[in-house]
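Have the viewer open as you read.

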Amino acid sequence: MSSASSSQMGQLVADKHVRYILMAEKKESLESVVMDHLRMNGAYWGLTTLDLLDKLGTVSEDEVVSWIMTCQHESGGFAGNTGHDPHILYTLSAVQILALFDKINILDVGKVSSYVAGLQNEDGSFSGDMWGEIDTRFSYIAICCLSILKCLDKINVEKAVEYIVSCKNLDGGFGCTPGAESHAGQIFCCVGALAITGSLHHVDKDLLGWWLCERQTKTGGLNGRPEKLPDVCYSWWVLSSLIMIDRVHWIDKAKLAKFILDCQDLDNGGISDRPEDAVDIFHTYFGVAGLSLLEYPGVKAIDPAYALPVDVINRIAFTK
Amino acid sequence: MRQGPCSEEDCFGLLKQFEHVLESDPLIDEVGFIHPSQFTLLDKEAGFSNVYLQPHDGTSSKFWNQDHKLGISTDILVQLCKDAKHLFLLALDEYKCHGNACREPQIKSISSTPESEVMKHSQAVLLLSSDFGTAWNARKLILSKADKLFAFTDELRLSGLVLSNSPKSESTWSHRRWIIKMISRRFSTPQDIITKESELVESIGERSKMNYRAWYHRCWLVSYMEVEQVIQELNKSKRWAGLHLADNSCFHYRRRLMLKILDSLYVKGCNAYDKTQAHKIWKEELDWNKELVERYVGREALWLHRRFLSLNWIMYFTSNHSDVSPELGESIIMMSEEIAIFIDNEIHLLESSMTILDTKFEDYQAQVLHAVAYMLWLTKKMPELRRMLEEKLGTEKVKCLLSKIGEERPSLLHHLVNV
């Protein structure tokens with residue numbers, strides 16, 4: 001638990017976070033057993049954080065990559081772990097991790113992209129898997145994934161955009177489906193998808209910027225919806241959304257940075273949702289990613305739409 | 001925990017016990033994880049009624065079952081979860097490879113088929129690890145072949161049980177939606193299933209505040225409702241909303257219902273009665289909201305609700321444009337007598353909200369901020385309103401409003417001033 005005096009605040013204990021991530025794999029707790037179905041997401045959070053801290057080299061690339069491939073299903077999609085069912089969520093994480101290691105070339109791109117494209121529905125929305133749950137998160141995932149694989153033409157982009165726009169609410173925000181409550185996570189997904197497809201003109205930037213800047217609480221941290229407590233993960237979703245719509249100056253960046261740093265466990269590494277709470281990989285990633293967007297020294301730049309280091313995105317852009 | 005090799009009987013003993021309890025008490029409606037120390041206390045309180053769950057070796061029981069509630073000791077969770085997953089995946093593999101046919105030599109008991117094994121083990125694993133999607137999918141696969149309504153309603157019971165311990169489990173809520181879709185496709189959509197779903201969300205919302213997944217589910221149900229049911233829902237849920245004023249999700253649900261009523265005015269067959277009824281509903285909500293913001297000072301969710309109510313009131317219920325459909329989005333609002341009166345009242349509300357009775361009391365300061373943000377947000381949506389505001393209050397007063405916003409959100413002020 002964090003017990004530092006105020007003079008120690010304002011410092012990113014990067015080495016401790018690296019150690020925390022590397023050790024997290026080994027622990028067996030109820031949390032790790034219960035989370036093993038989303039190991040692919042966990043791997044993405046951990047590895048991306050390591051890369052942002054320039055320590056990706058500390059893991060065995062071969063081990064990770066071969067494990068990832070054991071998670072691929074015959075349909076082309078990826079599961080959260082070996083032997084589990086495929087889902088669009090894990091498919092994106094798999095592709096993102098391979099991008100980190102510059103190993104996208106080992107994929108049968110046609111197979112993966114067909115799986116993703118096959119999940120688009122007639123109204124332009126995307127299902128998460130064959131069982132049909134629709135959510136704008138899946139729209140973002142499909143668009144982000146296919147963009148990385150350079151197969152966006154496999155889907156009906158116009159209809160995809162149309163569907164996302166239909167999820168816009170009166171307050172300028174977006175929900176999971178039309179009429180759903182605006183939520184910072186969903187907003188990130190919708191704005192990210194619109195950004196990647198060059199469709200940001202559909203966003204009322206001032207209105208959405210207003211909603212997003214109202215997420216900043218007195219603590220400096222950001223919440224995801226009105227009346228909720230601040231949470232480090234919103235440092236990513238709200239911040240990246242604001243950056244994508246050019247309104248990041250509408251929040252107090254210094255206060256936010258301080259909030260994130262206060263959420264660190266200065267002794268054992270890791271970042272929690274808010275100060276003094278228990279740490280986890282999920283919040284460690286979002287905290288570091290948030291600091292990256294705030295241009296904190298010692299953290300590599302991250303792309304706000306693709307949620308991958310900028311140098312990885314550049315590498316992809318200049319390949320093929 | 002397990003040490004050394006053991007027969008299949010001993011291994012998975014806890015899992016077998018767990019599954020046996022579930023089978024023997026089909027009316028269990030709540031599952032929870034209990035710390036061992038609380039366990040011995042519960043054992044004592046239960047007297048001898050829990051004795052059948054006590055192990056023969058004298059160690060304390062790991063399961064507690066009373067009044068259709070099931071408690072599981074936290075110290076066995078990791079092993080139990082691993083065992084359940086292991087057997088589930090084996091059973092699933094068996095089912096997928098060989099269908100539901102029993103292979104003679106492998107029959108453990110006459111009543112177990114690969115299908116029933118998958119259902120049994122998936123139930124156990126989901127009560128421990130509710131977001132294990134593969135387990136829910138296996139059940140969907142098997143249920144897809146079911147032709148009795150009972151199979152689906154029983155599935156609603158199981159997922160309800162899972163939610164009693166994991167109210168935020170996204171996979172569980174998603175599974176419920178799949179069940180309802182299946183029911184509506186294969187049978188019909190009995191209105192009472194939708195009503196019961198809505199009530200379930202409300203009861204879960206009581207324990208799990210502003211649970212996005214739960215309230216999203218409730219909003220999703222609205223697409224299955226006819227307007228009469230929508231109006232009923234609005235009335236029925238009002239009391240709960242009045243007791244949970246900080247629950248933004250709850251008020252968003254009301255907005256969802258009201259939008260459905262608004263949308264219904266623009267479909268064929270809509271008549272003057274419908275419009276009058278909608279007008280009445282909207283006015284009632286506005287008046288009720290006003291009462292609440294005046295009585296309960298500084299509540300953000302209430303002021304946000306007012307943004308929605310006022311904007312839509314002006315756009316669709318005043319003599320502005322009577323033919324504009326909500327789908328066309330915002331249109332230019334032209335000032336009319338009716339709108340002017342409405343805005344006048346809102347300005348009065350703003351002025352009274354700006355009276356700080358006690359500067360030390362945070363809620364009064366919040367009230368000022370929310371009221372000012374509300375008014376300025378409306379001026380953002382309706383530029384004519386800004387001019388009206390300056391006319392009524394004078395430029396000095398308006399500057400004062402802007403500076404109030406500036407205290408909390410300096411960049412927002414900058415934007416508003418430069419527009």
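Predicted model: local features only at pLDDT ≥ 70, side-chain atom pairs only at ≥ 80, totals over all residues.

Residues are numbered from 1 along each chain as its sequence is written, chains are lettered from A and ligands numbered from 1 in the order in which they are written, and side-chain values use heavy atoms, with hydrogens and water left out.

Start where the chains meet. Chain A brings 42 residues to the contact and chain B brings 53 residues, with contact meaning heavy atoms within 4.5 Å. About 4200 Å² is buried between chain A and chain B, and carbon and sulfur atoms give 55% of that; buried area here is the accessible area (1.4 Å probe) that two parts lose on being put together, summed over both. On the chain A side, Trp131(A), Trp210(A) and Glu227(A) lose the most area to chain B, together 20% of what that side buries.

Seven salt bridges run between chain A and chain B, each one a side-chain nitrogen of Lys or Arg within 4 Å of a carboxyl oxygen of Asp or Glu. Glu133(A) and Arg177(B) pair this way, at 2.6 Å from N to O. Over all chains, the count is 45 salt bridges.

Now zoom in on chain B. Lys69(B) forms a salt bridge with Glu30(B) (3.7 Å, N to O). That pair ties together distant parts of the chain: Lys69(B) sits in strand β3 and Glu30(B) in strand β1 (residues 30-34), 39 residues apart. Strands here are DSSP runs (E, at least two residues), numbered from the N terminus.

Strand β3 (residues 69-73) of chain B also pairs with strand β2 (residues 63-66) of chain B, antiparallel, over four bridges; pairing requires that DSSP finds at least two bridges. Trp64(B) stands opposite Gly71(B) in β3(B). β2(B) and β3(B) form a hairpin with two residues between them, and Asp67(B) in the turn has a positive phi of about 50°.
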